[in-house]
Amino acid sequence: MDDLRFVLHDMLQVEDLCALDRYKDYDKANFDILLDSTKDYADKVIYPSFKEMDEQPARYEDGKIIVHPVVGEMMKSAGENGSIGAFFDYEDGGMQLPHVVYSALSHITQSANNSLPGYPGLTTGAAHLIVSFGSQELKDKYVPNMLTGKWAGTMCLTEPQAGSSLSDITTSATPNEDGSYQVKGQKIFISGGDHEYSDNFVHLVLTRIDGAPAGTKGISLMVVPKFRIKEDGSLEPNDVITAGDFQKMGQRGYCTTHLVFGENDGCQGWLVGEANRGLKYMFQMMNGARIDVGLMGASTATAAYHASLQYAKERPQGRRIQNSGAKDVEQEQATIINHPDVRRMLLLQRAVTEGSIALLMQASMYHDMALYGPEEERTRYHNLLELLTPIAKTYPAEMGRTSINNGLQILGGYGFCTDFPLEQYYRDIRIMSLYEGTTGIQSLDLLGRKVVMKNGEAMRQLVAEFKESISAASNYDDLKPYAAQFKAASKELQATIMHLLNYAMQGQYERFIADANIFMEHMSTVVLAWQWLQLATTAKTALVTGNKTYSTEFYEGKIHTMRYFYKYELPKTAAFKTILMHEESLTIPEESKVAFA
Ligand SMILES: Cc1cc2nc3c(=O)[nH]c(=O)nc-3n(C[C@H](O)[C@H](O)[C@H](O)COP(=O)(O)OP(=O)(O)OC[C@H]3O[C@@H](n4cnc5c(N)ncnc54)[C@H](O)[C@@H]3O)c2cc1C
């Protein structure tokens, strides 16, 4: 909680948002009350079901999806405490809470049990889509029951033949005379798609209206409820059949359903916004969900860090070499936290998780500023958010897994056993690199779209942010070397981008994006180094001014972890650059001599 508060209050000063008209009803004390009450709820209700949901996974039995009863409890309390519509406008039934505070609250619940918060979370995303783009009639019909947690929402994009490539979706929508549509098709892997604890499911479905243009330009967004609402307000089945639940290696408490729409030609859907603009609308939900998945990765890895830290403090094993030799049994055993290699693994976890949380909170604050900040600043914040979103999704997912792997290693053989939670965290985090766009797709988005968008404007704005952080860190003599190291890394990144852009300018687009994944690693590492420079500068300022909320060790710990990142992680960018600048192309099919026979 202190690490989170440090990012929110000390590094980002989120309370400054309260000066904006949108957030004028809040202050720092309100935010702290929300953080504390969410922590209390997470301890008492959410965490106790973490292991149980894994051991009794969501499953399909006799045509029904069975989930843990805590799902019902969570939906009900999320409805009661207003968190489903937390960041919505007052007039739409929301609390106008800043996105950054909403993200902080999600971090707490996701750390406690990553299988659970997705149920209300997707309901938030679906309701927000209707609020943002739907007609007043759709809003009135669906949103109130979603915000109270009585009805759940989902996002239905994926089809058996259309995963990463949404241009290939085929779920059809045929116009009815009354303005609704007849929907027919299948959606797979739908999270939170059906269970007994919600009275209705409001599916936000990507469809193709008869005669629509091919590809992404012909995709429309529909509200397709599991139960239609009759004139008198009662519900009737809408021919949405749940065909199964995918059994998974992790996040087993979170149901992943296979839905069939219109098997008996009786499934009605209602268009959201205009026809053929569905993917554009859905991107609102997907961008939010990408930040949320990154957050879930960082949160799962944070929980794993604390579990491995506790173990390292308690487990006696071996002796320190400097205390008269490692094999001297006369000496008391050392707890493993005293072995340098174990400390290295703990530091790695801190560097990844705290750096990721800082980045995710920063991205969420950009979101607030892009929507409600001073008019002339909004585009800049929007650009920064767009550019950072693929990184904020991918780094915590990929490096979070490495972080948990190190946590598991700290437990030795016990790490592999179900008596301890590390193996579950390790399985749970695996999904974060897959859904909401795989790491491969996020990397294409980063290099192929975001870095080059608006002629590189977003990238230039990010570099301007880097410069500000370099100059702030350079105020302190002992941070100057790190500021200089970061400056050099930032320049190298820009040189790599220029090198890759040459391929694009010569029309070699496949070559340009062939190693997008390596570029993602390169740029993410630089971006995390930026976050660590900011964290360390904030800590140093508190130490120098004496304006401290936490212990001296707390701030020194931040600076030490930054030094870890700069010694062990940032130098990896040199290798990434070498790979990206390498003349040989080994992966493009025509240039590859490997037949993979
Ligand atoms: C547990 C779970 C929950 C999910 N929840 C939802 C949900 O709620 N709603 C929903 O709509 N979907 C959901 N999904 C679907 C998820 O978003 C997709 O699985 C994901 O987008 C990848 O699609 P795919 O599985 O078809 O893989 P594919 O698209 O077949 O990809 C396979 C591999 O090929 C790579 N690849 C594909 N295309 C390219 C390319 N052009 N260039 C380079 N590499 C490429 C990918 O990176 C990946 O490594 C969920 C999936 C799971 C497993």
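In the predicted model, the axes of helix H8 (residues 278–314) and helix H10 (residues 378–410) approach within 8 Å and cross at roughly 20°. An angle under 35 degrees counts as roughly parallel, and H8 and H10 are therefore roughly parallel to each other. The crossing of H8 past H10 is left-handed. By class, 14 nonpolar, 9 polar and 2 charged residues form the contact of H8 with H10.

Helix H10 also packs against helix H9 (residues 340–372), at an angle of about 160° and with the two axes 8 Å apart. Because angles over 145 degrees count as roughly antiparallel, H9 and H10 are assigned to that class. This crossing, too, is left-handed. The contact of H9 with H10 comprises 19 nonpolar, 12 polar and 1 charged residue.

A further helix pair is formed by H14 (residues 480–505) and H16 (residues 516–545), whose axes come within 10 Å and cross at roughly 155°. The angle makes H14 roughly antiparallel to H16. H14 passes H16 in a left-handed crossing. On the H14 side, the contact involves Tyr-482, Ala-483, Phe-486, Ala-489, Ser-490, Leu-493, Thr-496 and Leu-500. These residues meet Phe-519, His-522, Met-523, Val-526, Ala-529, Trp-530, Leu-533 and Ala-536 of H16. The residues in the contact of H14 with H16 divide into 13 nonpolar and 3 polar, with no charged residue.

The shell around the ligand holds 20 residues, of which Leu-157, Gly-163, Ser-164, Phe-189 and Gly-440 come nearest. Two or more shell residues are contributed by each of strand S3 (151–156), strand S5 (181–191) and helix H12 (439–450). By class, the shell around the ligand consists of 10 nonpolar, 8 polar and 2 charged residues.

For the chain as a whole, 18 helices and 12 strands were assigned. The C-alpha trace spans about 85 × 60 × 60 Å along its principal axes. The radius of gyration of the chain is 25 Å, which agrees with the value near 25 Å for a compact globule of 597 residues.

Definitions and conventions
Residues are numbered from 1 along each chain as its sequence is written. This is a predicted model: local features need pLDDT of at least 70, side-chain atom pairs count only at pLDDT 80 or more; totals for chains, interfaces and linings use all residues. A residue is near a molecule or strand if its C-beta atom, placed from the backbone, lies within 6 Å of it. Helices (H or I, at least four residues) and strands (E, at least two) are DSSP runs, numbered from the N terminus. Ala, Val, Leu, Ile, Met, Phe, Trp, Tyr, Cys and Pro count as nonpolar, Asp, Glu, Lys and Arg as charged, and the others, Gly among them, as polar. Axes are lines fitted to C-alpha atoms, for helices over the stretch in contact, and angles run from 0 to 180 degrees between N-to-C directions. Angles under 35 degrees count as roughly parallel, over 145 as roughly antiparallel, 65 to 115 as roughly perpendicular and the rest as oblique. A crossing is left-handed if the near helix is turned anticlockwise from the far one by less than a right angle, and right-handed if clockwise. Two residues are in contact if their C-beta atoms, placed from the backbone, lie within 7 Å. The radius of gyration is taken over C-alpha atoms; the globule rule is 2.2 Å times the number of residues to the power 0.38.
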